[in-house]
Structures are given as C-alpha cells and as structure tokens.
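Colleague: Please take me through one part of this model in detail. I would like the contact between the two chains, with some context from inside the chains.

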Amino acid sequence: METFALVFVVAVALGFDFVNGFHDSANSIATVVSTRVLSPRLAVLWAAVFNFVAFLVFGTAVASTIAKDVVTQEVLSIGVIFAGLIGAIAWNLITFWFGLPSSSSHALVGGMAGAAVAKGGGHVLLLTGLRKIGVFIVLAPLIGVALGFILMIVTLWSAHRTKKVERLNRRFRHAQLVSAAAYSLGHGANDAQKTMGIILALLIAGGHVRPTGEVPLWVVLCAHSAIALGTLTGGWRIVKTMGSKITRLQPVGGVCAETAGAVTLFAASHAGIPVSTTHTIAGSIVGVGSARRLSAVRWEVAGRVVWAWILTIPAAAAVAAATYGLVAAL
Amino acid sequence: MDRRAIFFLAAAAMSAALWPLATPDKRWVNVWLSVTYVVLALASFADFVSLHRPAKGAAKRSDDTA
C-alpha cells in the first residue's frame, strides 16, 4: 500500500512539473513569439529541447534546498508532500485561468510549508532555508531589472551608429534564438530541480534514500522530461501578458531581457537558490522597458503580477493545509 | 522630476532593507545590488538633467528678442 502511495505521489509531483512547464513556457518564449522570430509551435519546441538538456549543465543544489531546507525531515511524509503538491497545483491553475504570471516555485514552497505546519505546527519550518528563499523572492526580479536595464543601455550605446532601427532589429532577430535557448536552459535547471527536490524528499521519507543522499539519475531524467513535455504543450494566456502587456518588446529588447533572465537563473541554480523564473523574466522585461523611459512599462499590469506574487505563498499554503486536513481525516 | 531615478533609489533601499534577513553567505548580493541601483539612479538623474537643460543657443536667442 505504501509503495502504491509513493508511486502515486511521484506521479503527482511529475504532474506538477508538467503543469510548471505548461504554465511557465510563456516566460521562455514570450519575447520570441511576440517579436515574431519563431512561430508559437516552433518556439515551444525550441524551449522544450533546452529545458530537457539543462540536466547536462547544472547540478542538483536547488533540489537539495527544496528537500532539506524548507521543513524538518521528521515532518515529511507522503501525505504532507501530496497535500503540498495539491496546494501548489491548485494555485497554479487558478492563476493560469486568470492569465496571471504567478510563481510555480513559490506555490510549491508555500504548499510544502502549509501542509507541514498543518501536521506538525509552526516549529517544523526551517527559518534559515525559508529566509534564503524569501529574500530572493524580492532580489531575483530586482536583479533581473538591473541586468535588463544595463544590457539594454550597453547594447543601444554600442549600436548607436546604426541609423536604421529596422536594420538593428533584423540583426537581433536571430540572436534571440540563442538568448531564448539560454533562458530555457536556466528555466529547466531551476524549475525541474524543484520537482527533483520533492521526489527526493519523498524517497527520504520512505527510507529509499539516505537523508544525506544525492538525487538518483532516474529522478533527474523524469523531472526534466516532465517539464519539457509541459513546455511543449504551452500556455498561451500568459504569453500575451508577458510578451506585450508589460511593455512592447522589439527583438533587441527580447535579446536583452532573455539574456538578463538567463544570467540570473544560471547564478541562482549554481548557488542552490530556488527562484521564480516568472519573477526573473518579468523583472528583466521591466528593466529593458525602463531603458527607453519609465512610462514604457505598463505599471497596472506589472502591479497585478506583483499582487499574484504576494498572494501565492499564503494561498498555496492555505489550500495545502486544507488538503492535509482531508488526507489526515481519511 | 526623474521618476526612473526614484524607482532605482527605491530598489536600492529595498535591497538594503533585506540585508538583515539574508543569510550571512548571501549578504554580498544585497550590498552589490544596492550599490548598482544607486549608481543607476545617479546615471539616470544625470541623463534627465542633460535632456531637460535648455540649449545655450536657445537662451541667447530669447535674450536678443527681449
């Protein structure tokens, strides 16, 4: 019975990863699609391939943070992780329905924390790990804004002799393929590792992996396959918000935004910090937009996004806690 | 008023305010980010001033007319 439950929750975790790819695919391809460099179908294929191959480049430090630094190992059980996943998936679907680019990562952390607190009380939360994640909820988009702004200024300055904007944009159309690939690589690395972390926590809770053990290779491959398949399926409501509603991007802006996002994600993945890929690219787009002028950014849309960020952790935690109550009663 | 410089200063302040909450091994990120935003705010303000300063020729022409 326990093995069946374990396999079932691993399947739910991979389902979360699939939904994460589906939900966040917009982040990887929004600028490529909105600047018409690739058709939507080709763009998702391009992003999915780089989502998958990310495991060849990055380690599993983020997975380790999710499995070991959010809640104490003693409180982890199949029921807690299942409830946490349901909280995160439910919140992702709600924000997807309303077209809000919220964070799957923070939904997952909120879900895990909510279910664990429902089982063991507030003392099961690991404050050092949560502080690390919490601070970077704010810092990740700020880093994206700064890098996006600096890259855009440097690019425009270095190309200021080019008289025709059309010629400059034509040059950057193909460069966008490289920057979108880099961003998808970063997205695959950081987000797939969150699911790996969940499955690692499950395996530790079930006694299949030692508490100090590494992520098994089959988990790495399954997580990257699930996120790549989710990306391939795509989510078009959010493409619209990210690609054109925050600020209208030209190919040169797309390259700068994706490069800024990719650099932030590479650094975070290397440091083992689970950051939101959504926050990061939204920040980079705002940075690129504000290089023209601050009024180029549509702040009411950016504001709706910020509200979704603020609500994500408590909302996912509440759904997860309620789900754990149901699971425990059964 | 340069709203972009104010936005960058607010970002610098937010990053600095989070310094005590950051784990000791990651505090350098807050420091670098705050410094970067202050530099960006100064650069943005300088850009704003240079764009809004009336041209010398224009000032002379208006004196002649008077």
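Modeller: What follows covers the interface, then a helix pair and a salt bridge. Keep in mind that this is a predicted model.

Start with the contact between the chains. Chain B brings 21 residues to it, and these touch 23 residues of chain A. Together the two chains bury about 1,700 Å². Of that area, 79% lies on carbon and sulfur atoms. On the side of chain B, the residues that lose the most area to chain A are B:R4, B:F7 and B:K26. Together they make up 28% of what that side buries.

Now the polar side of the interface. The count of salt bridges between chain B and chain A is 0. Polar contacts are found, though: 6 residue pairs across the interface, with both residues at pLDDT 80 or more. Two helices of chain B, α1 (3-17) and α2 (27-52), each supply at least two residues of the side that touches chain A. By residue type, that side of chain B divides into 13 nonpolar, 4 polar and 4 charged.

Next, a helix pair within chain A. Helix α2 (residues 40-53) and helix α8 (residues 217-233) of chain A have axes that come within 8 Å. The axes cross at roughly 170 degrees. Angles over 145 degrees count as roughly antiparallel, and α2(A) and α8(A) are therefore roughly antiparallel to each other. From α2(A), the residues in contact include A:V44, A:L45 and A:F52. Among their partners in α8(A) are A:L221, A:I227 and A:L232. The residues of this contact divide into 9 nonpolar, 4 polar and no charged.

Last, the salt bridges. Over all chains the structure holds 3. One residue pair that forms a salt bridge is A:K194 with A:D191. Their closest N and O atoms are 2.4 Å apart. Side chains of opposite charge can pair when their charged atoms come close. A:K194 and A:D191 are 3 residues apart in helix α7 (residues 165-205) of chain A, so about one helical turn separates them.

Notes:
Residues numbered from 1 in each chain as written. Chains lettered and ligands numbered in written order. Predicted model: local features only at pLDDT ≥ 70, side-chain atom pairs only at ≥ 80, totals over all residues. Heavy atoms only, no water. Axes fitted to C-alpha atoms, helices over the stretch in contact; angles between N-to-C directions. Helix = DSSP H or I, 4+ residues; strand = E, 2+ residues; numbered from the N terminus. Parallel < 35°, antiparallel > 145°, perpendicular 65-115°, else oblique. Contact = heavy atoms within 4.5 Å. Nonpolar A, V, L, I, M, F, W, Y, C, P; charged D, E, K, R; others polar. Buried area = accessible area lost by both parts, 1.4 Å probe. Salt bridge = Lys/Arg side-chain N within 4 Å of Asp/Glu carboxyl O. Polar contact = N/O pair within 3.5 Å; in protein donor to acceptor, adjacent residues only side chain to side chain.
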